[in-house]
Amino acid sequence: MMRCWGFIMYAAVALPVCASAEENWTKLDAEGIQAALSGQTVDYDKAWQVFRPSGATLYNAGRDSWGKWDVRDDQYCSQWPPADGWACYDVEVDGKNVRFTGESGIPTDGMFR
């Protein structure tokens with residue numbers, strides 16, 4: 001995957017400044033998800049989340065929001081009141097990095113503390 005962080009001007013043409021970022025994402029199964037998340041805190045760009053072993057989860061992006069988490073069919077699933085439905089995500093890890101990908105296919109990346 002290429003990561004780009006800016007542009008340089010060359011002969012009046014803007015060219016992206018990129019570097020090859022070697023990524024080795026490993027998709028986790030149910031057992032791996034449980035082991036990776038239980039008791040952990042994940043930092044996101046402007047938020048953080050705690051995954052309690054009890055199945056409670058605390059998400060904070062400026063204020064606390066309590067929900068529930070579970071592992072179902074090799075996916076991390078969460079429920080956030082007042083909604084009663086569950087949203088589920090594939091989970092991948094690469095070292096201290098973790099990626100959640102839902103039905104939309106758009107990943108959310110975080111890092112274990």
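Biologist: How do β6 and β7 pair?

Modeller: β6 and β7 (residues 64-72) are antiparallel, with five bridges; strands are DSSP runs of E, at least two residues, numbered from the N terminus, and two of them pair if DSSP finds at least two bridges between them. This is a predicted model, where local features need pLDDT of at least 70, side-chain atom pairs count only at pLDDT 80 or more, and totals for chains, interfaces and linings use all residues. Residues are numbered from 1 along each chain as its sequence is written, and side-chain values use heavy atoms, leaving out hydrogens and water.

Biologist: Which residue stands opposite Asp64?

Modeller: Asn60 does. β6 and β7 make a hairpin with three residues between them, and Gly62 in that turn has a positive phi of about 115 degrees.

Biologist: And what joins β5 to β6?

Modeller: Four bridges, with β5 (residues 48-51) and β6 (residues 56-60) running antiparallel. Phe51 has Thr57 in β6 as its bridge partner. That hairpin has four residues between its strands, and Gly55 in the turn shows a positive phi of about 100 degrees.

Biologist: Switching topic: is Ala35 buried or exposed?

Modeller: Exposed, because its relative accessible area is 60% and the cut-off for exposed is over 50% (buried is under 20%, partly exposed in between; 1.4 Å probe, protein chains only). Ala35 sits in helix α1, residues 30-37; a helix is a DSSP run of H or I, at least four residues.

Biologist: How far is Ala35 from Pro53?

Modeller: Their C-alpha atoms are 9.7 Å apart, with the two residues 18 apart along the chain.
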